[in-house]
Amino acid sequence: MAVVKLVCEDTRVNAAYGIFVALALTVFDITVIVVSYTMILRAVLRLSSSDTQHKAFNTCVSHVCVILAFYVPVLFTSLTHRFGHSIPQHIHILVAHLYMVVPPTLNPIIYGVRTKQLKDKIVVLFQKGI
């Protein structure tokens with residue numbers, strides 16, 4: 001959108017098309033994710049062992065957190081570039097950098113917190129600090 005702003009012509013059609021494509025892809029992605037997790041949850045609830053169900057639910061929660069860590073910054077970045085004309089340029093740059101840094105940084109943290117070894121090391125780290 002920053003390059004489109006440099007054009008001297010009317011870009012409303014391009015902007016509308018861009019919003020339509022972004023929304024269509026987001027709706028499609030969310031629909032596929034919801035259908036997939038519905039099927040996964042139906043399969044998990046059929047498992048006989050509650051321990052196995054608990055492990056499967058923990059894995060699903062981690063996946064949903066990673067999905068949210070990706071989609072929330074994407075949505076925020078897209079909306080600020082399209083509608084945030086009064087937002088200062090340095091805020092646009094900051095948000096774009098956060099979009100590029102936050103999801104890849106959170107991904108290993110979200111999956112790593114589930115491991116017992118990492119939990120034990122974090123507990124030891126905080127106990128030494130106190």
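Biologist: So, is Asn58 buried, partly exposed or exposed?

Modeller: Asn58 counts as partly exposed because its relative accessibility is 33%. Buried means under 20% relative accessible area, exposed means over 50%, and partly exposed is in between, with a 1.4 Å probe and protein chains only. Keep in mind that this is a predicted model, where local features need pLDDT of at least 70, side-chain atom pairs count only at pLDDT 80 or more, and totals for chains, interfaces and linings use all residues. Residues are numbered from 1 along each chain as its sequence is written, and side-chain values use heavy atoms, with hydrogens and water left out.

Biologist: Which helix is Asn58 in?

Modeller: Asn58 sits in helix H2. Helices here are DSSP runs (H or I, at least four residues), numbered from the N terminus.

Biologist: What about Ile67, buried or partly exposed?

Modeller: Ile67 is partly exposed, since its relative accessibility is 23%. Ile67 also lies in H2, and its C-alpha is 9.8 Å from that of Ile30, 37 residues away in sequence.

Biologist: Changing topic: how many aromatic pairs are there?

Modeller: The count is one aromatic pair. The rings of Phe70 and Tyr71 have centres 5.3 Å apart and planes at 80 degrees, so they are edge-to-face. The rule pairs rings of Phe, Tyr and Trp (its six-membered ring) with centres within 6.5 Å; planes under 30 degrees apart are stacked, over 60 edge-to-face, and the rest tilted.

Biologist: How accessible is Phe70?

Modeller: Phe70 has 39% relative accessibility, so it counts as partly exposed.

Biologist: Now H3. What span should helix H3 have?

Modeller: H3 covers residues 89-112, and its 24 residues should span 34 Å at 1.5 Å a residue; the end C-alpha atoms are 35 Å apart, which agrees. The expected span is 1.5 Å times one less than the number of residues.

Biologist: Where is the kink in H3 centred?

Modeller: On Leu98, and the kink is about 25 degrees. The bend at a residue is the angle between axes fitted to the seven residues ending there and the seven starting there.

Biologist: Which residues of H3 are buried?

Modeller: They are His92, Val95, Pro103, Ile110 and Gly112.

Key: Helix = DSSP H or I, 4+ residues; strand = E, 2+ residues; numbered from the N terminus.
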